Amino acid sequence: IEHLIISGGDGTLHNVVNLVKDHLDKIIIGYIPTGTANDFGNSYGIKNIDQALNIIKSKNIHEISIMKLDDTLVLYGVSIGKMSEVSLKTKKKSKKLFGKLIYKIKGIKYLFCKKSFVKVMIENQVFNYNVKALLAENTKYLGGVKVNTKLSKEKISVLPIKNIFDLIKIFIFGRFKKIKSTKKCLIDKHIIIFIISKIWI
């Protein structure tokens, strides 16, 4: 296979890319965002199906950064803690009924769960957090909401979510404070590194 066109949401894109991860250096991927939030597509300016098709037809190829967590490729973000279940355990029926709003509702629900300790090592410096969840991301969007104004090929941001005010920063103000940006990050003994893949964007 030399060309692969994926239509779906962030989860579909994530799953298919991981199925062909050993052959990414030989495959050019085209992406048509048709999911609920489409964080990946929005981050790269792909807003609708027609725009995605035009980009694919024009053969405008770019290389993008992909994070790696153990043996799993992660396209734009890693979540550790209870709140990582927000998207995984949200039913399709709820997504169709509430759209992107369901992620905010579920996020607030998980704020009532217990905190857990997470250790993060960034460039040989150790950070200990007692949080509901910890996010590592290199995207502009989270749950369909713009969370960062810059998208870097080489850097990620680490965000601890301790309480409802951290969620307000994300979903209302649309921005959050970067704890640290780095090319490599160690989270709970899992190395996050960057690899490059070709994709139509």
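Guide: Start with the rule for ring pairs. Rings of Phe, Tyr and Trp (its six-membered ring) pair if their centres lie within 6.5 Å; planes under 30 degrees apart count as stacked, over 60 as edge-to-face and the rest as tilted. This is a predicted model, in which local features need pLDDT of at least 70 and side-chain atom pairs count only at pLDDT 80 or more, while totals for chains, interfaces and linings use all residues. Residues are numbered from 1 along each chain as its sequence is written, and side-chain values use heavy atoms, with hydrogens and water left out.

By the ring rule there are two aromatic pairs. Take tyrosine 31 and phenylalanine 40. Their ring centres are 5.8 Å apart and their planes stand at 75 degrees, so this pair is edge-to-face. Next come phenylalanine 40 and tyrosine 44. This pair is tilted, with 5.0 Å from centre to centre and 45 degrees between the planes.

Tyrosine 31 and phenylalanine 40 are both buried. For phenylalanine 40 the relative accessible area is 1%. Tyrosine 44 is partly exposed, at 24%.

Now look at the loops. Helices (H or I, at least four residues) and strands (E, at least two) are DSSP runs, numbered from the N terminus. Asparagine 38 sits in the loop between strand 2 (28-33) and helix 2 (39-43). Most residues other than glycine have a negative phi. Asparagine 38 has a positive phi, near 55 degrees. Its relative accessibility is 13%, so asparagine 38 counts as buried.

Move on to isoleucine 46. This residue lies in the loop between helix 2 and helix 3. Isoleucine 46 is buried, with a relative accessible area of 2%. Proline 33 is 13 residues away from isoleucine 46 in sequence, and 7.4 Å away in space, C-alpha to C-alpha.

Then comes helix 3. Asparagine 48 caps its N-terminal end, with a side-chain oxygen 3.3 Å from the backbone nitrogen of aspartate 50. Helix 3 covers residues 49-58, and Ala52, Ile55 and Ile56 are buried there. These three span an arc of only 100 degrees around the axis, which puts them on the same side of helix 3. The arc is that of the directions from the helix axis to the C-beta atoms. An α-helix has 3.6 residues a turn, so residues three or four places apart point the same way. Asp50 and Lys57 are exposed, on the face of helix 3 turned away from its buried side. Just after helix 3, lysine 59 has a positive phi of about 55 degrees.

Finish with helix 6 (101-110). Its buried residues are Ile102, Tyr103, Lys106, Gly107 and Tyr110. Down the axis they fall within an arc of 135 degrees, so they line one face of helix 6. Leucine 101 also belongs to helix 6. At 43% relative accessibility, leucine 101 is partly exposed.

Technical notes. Buried < 20%, exposed > 50% of the residue type's maximum accessible area, 1.4 Å probe, protein only. Polar contact = N/O pair within 3.5 Å; in protein donor to acceptor, adjacent residues only side chain to side chain.
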